[in-house]
Amino acid sequence: MNKKAKCIKPAIIIGAILVTVLYFILTVERQQSWPKKRFTAESGYREIMGTFVRVMAVATDKQTALACVEEGIKQLKLVDNLMSVHNAESQISRINREAYSQAVKVTEPVFEVLQRSVEYSKLTDGAFDITVGPLVDLWQQAGNKNIKPTEDEIASAKAKVGYEKLVFDTEKRTVRFAVDGMQLDLGGIAKGYGIDSAARAMQQAGAIGGMIDVGGDIRCFGAPQRGKQKWSIGLQEPKTDAKGLVSRQLELVLELVNKAVATSGDYRRFTLIDGQKYSHIINPSTSSSAEGLSSVTIIAEKATDADALATAVSVMGAEKGLALIERLADTEAILISSGPEFKQTKTTGAEQYIKK
Ligand code: ADP
Ligand code: MG
């Protein structure tokens with residue numbers, strides 16, 4: 001080995017040590033640069049978007065923290081009013097009533113969510129599809145009557161499902177249905193979109209940190225409560241007892257900074273037909289409910305992405321779902337298979353967020 005080569009090896013080692021030390025100093029420095037004096041305000045549980053919502057804001061004074069909590073709640077209500085199918089006045093309800101007879105003009109946030117939804121349909125080979133409305137309704141009615149839908153009923157609903165049957169005009173910001181009877185359902189993405197809107201509004205209102213929890217879909221940003229370096233988020237065990245009550249045990253605890261987490265599963269929302277459990281998530285390729293996973297948790301930067309991907313992976317199943325998430329940057333998944341096994345699998349990067 002010549003002299004030059006002999007010098008290179010130690011230089012690389014010293015360089016690597018320096019980079020590690022610098023990274024450590026910068027990371028710790030950044031965490032400690034949160035003001036020591038910080039106040040937390042929180043909303044308590046409120047009912048919005050058909051579920052329980054909790055907003056927490058951290059600010060350098062109490063007044064700002066309180067105002068930011070109200071700002072977050074306001075945004076969630078706003079998004080719910082625009083996108084809920086349970087509100088006849090929402091833009092989505094209007095689309096569902098009118099978009100076959102004429103192109104319906106929508107506001108920017110609604111147009112954005114529709115476009116993002118179609119992007120997710122393409123990314124997931126159609127597993128995520130906001131046009132599943134007719135199949136969601138059919139299976140819900142089947143649950144109410146306790147009779148499985150007939151082949152004909154399924155075929156008729158299926159003909160009205162498919163994201164490629166949505167016609168957009170980007171210039172005019174309109175949407176139209178190519179087939180009569182189509183129905184949009186934003187249940188798989190609106191909560192995430194609401195959470196991201198709330199986070200943005202809270203930051204603009206002066207929050208240096210915050211957490212928004214909409215029925216277990218959560219985003220945390222910036223500084224956590226005083227005395228903490230990260231936000232702790234517990235994931236429920238996806239089990240129900242004989243009475244259908246959800247387990248209070250935690251599967252695991254995540255420790256996060258500036259991340260969103262969404263969980264989709266069949267353990268909280270499902271219908272029973274003849275004693276068999278049917279998830280509220282529809283697999284558009286089988287026209288029946290998604291099977292195989294009792295809980296899918298996605299960790300991503302934005303709640304919109306985490307929410308849509310959690311729904312999509314529930315449909316895709318463990319193998320295809322994990323392969324997709326491994327491919328996506330800054331996105332991780334923790335899956336738990338259906339009972340009785342309840343087997344946990346996850347992407348390689350998920351471990352870093354799990355509290356030891
Ligand atoms: P949760 O509402 O329990 O948090 P999700 O985020 O997975 O769970 O959303 C499920 C909802 O999404 C369903 O109730 C329905 O409104 C809608 N949905 C069902 N199947 C699909 C699908 N394949 N793609 C997109 N949305 C779906
Ligand atoms: Mg979802």
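1. Helix 4 (residues 108-123) and helix 8 (residues 303-316) have axes that come within 11 Å and cross at roughly 45°. Axes here are lines fitted to C-alpha atoms, over the stretch in contact for helices, with angles from 0 to 180 degrees between N-to-C directions. Helix 4 and helix 8 are therefore oblique to each other (under 35 degrees is roughly parallel, over 145 roughly antiparallel, 65 to 115 roughly perpendicular, the rest oblique). Helices are DSSP runs of H or I with at least four residues, and strands are runs of E with at least two.

2. This is a predicted model, in which local features need pLDDT of at least 70 and side-chain atom pairs count only at pLDDT 80 or more, while totals for chains, interfaces and linings use all residues. Residues are numbered from 1 along each chain as its sequence is written.

3. On the helix 4 side, the contact (heavy atoms within 4.5 Å) is made by R116, Y120 and L123. Helix 8 contributes T304, D305, A308 and L309.

4. S279 lies in strand 13 (residues 276-279). S279 counts as buried, at 9% relative accessibility (buried is under 20% relative accessible area, exposed over 50%, partly exposed in between, with a 1.4 Å probe and protein chains only). Leaving aside neighbours within four places in sequence, S279 is in contact with D266, R269, F270, S289 and A290.

5. R94 lies in helix 3 (residues 91-98) and, at 34% relative accessibility, counts as partly exposed. Not counting residues up to four places away in sequence, R94 touches A99, Q102, V104 and K105. The C-alpha atoms of R94 and E301 are separated by 31 Å, and the two residues are 207 residues apart along the chain.

Note on methods:
Chains are lettered from A and ligands numbered from 1 in the order in which they are written. Side-chain values use heavy atoms; hydrogens and water are left out.
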